[in-house]
Amino acid sequence: QLTPSKRDYLLIENLPQAVFSVLFLLAEGGSFFVGFLNLLVPGVQILLTFLCFQPVLSAAAPALGKKLNRAMRNGDMVAAAFLWEDAELGHSDNLQIFGLVLPR
C-alpha cells in the first residue's frame, strides 16, 4: 500500500472524495468533526505513503531479493517480472540487466 503508484491512486481517488464530502457538508450542513475527519484520514494515508515507502522497501528488500533471485535462477520470468513490477524497482528492461549480474 506504500508504492508510488498506489500513492497516486490514493491521490486520484481519496482526495477528491474528501473535498467533495466537505463541500457537501458545507452545503447541506453537518458536523465539523466529520468534515475534519474526511480531510484528515486521506491526508494521513498519503503522508504515510511518502514517509514509509523507503523504510518498508529497505526492510522487505532481502526477502524480495531472495524471491526474485529464485525466480530468475529457475527461469520463471513471469514471476520475476511480477515481483519486479510489484516492488516498483524501475523500468522492466532493468530486470534483464539484473538477470545478467546474478550469480549462476
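This is a predicted model: local features need pLDDT of at least 70, side-chain atom pairs count only at pLDDT 80 or more; totals for chains, interfaces and linings use all residues.
User: In which helix of the protein chain is confidence lowest, and in which is it highest?

Analyst: For the protein chain as a whole, the mean pLDDT is 79, and 83% of the residues reach 70 or more. Taken by element, the lowest confidence, a mean of 56, belongs to helix α4, which covers residues 93-101, whereas the highest, at 85, belongs to α1.

User: What share of the residues in the protein chain is buried?

Analyst: The accessible surface of the protein chain comes to about 7,400 Å², and carbon and sulfur atoms account for 67% of that surface. Of the 104 residues in the protein chain, the buried share is 23%.

User: Is Arg7 buried or exposed, and which side chain of opposite charge is nearest to it?

Analyst: Arg7 belongs to helix α1, which spans residues 4-28, and, with neighbours within four places in sequence left aside, Arg7 is in contact with Leu2, Thr49, Phe50 and Phe53. A salt bridge requires a side-chain nitrogen of Lys or Arg within 4 Å of a carboxyl oxygen of Asp or Glu. Arg7 is buried and has no salt bridge, and the nearest side chain of opposite charge, 5.5 Å away, is that of Asp8.

User: Why does Gln17 count as exposed, and how many Å separate its C-alpha from that of Pro42?

Analyst: Gln17 also has its place in helix α1. Because the relative accessible area of Gln17 is 53% and exposed means over 50%, Gln17 counts as exposed. Pro42 is 25 residues from Gln17 in sequence, and the distance in space, C-alpha to C-alpha, is 9.1 Å.

User: With which residues is Asp86 in contact, leaving aside its neighbours within four places in sequence?

Analyst: Asp86 is found in helix α3, residues 77-87, and counts as partly exposed because its relative accessibility is 42%. Although Asp86 and Thr3 are 83 residues apart along the chain, their C-alpha atoms are separated by 8.4 Å. With neighbours within four places in sequence left aside, the residues in contact with Asp86 are Thr3 and Lys6.

Notes: Residues are numbered from 1 along each chain as its sequence is written. Side-chain values use heavy atoms; hydrogens and water are left out. Helices (H or I, at least four residues) and strands (E, at least two) are DSSP runs, numbered from the N terminus. Buried means under 20% relative accessible area, exposed over 50%, partly exposed in between (1.4 Å probe, protein chains only). Lys and Arg count as positive and Asp and Glu as negative; His and the chain ends are not counted. Contact means heavy atoms within 4.5 Å. pLDDT is the predictor's confidence in each residue, from 0 to 100. Accessible areas come from the Shrake-Rupley method with a 1.4 Å probe; for residues, only the protein chains shown count as cover.
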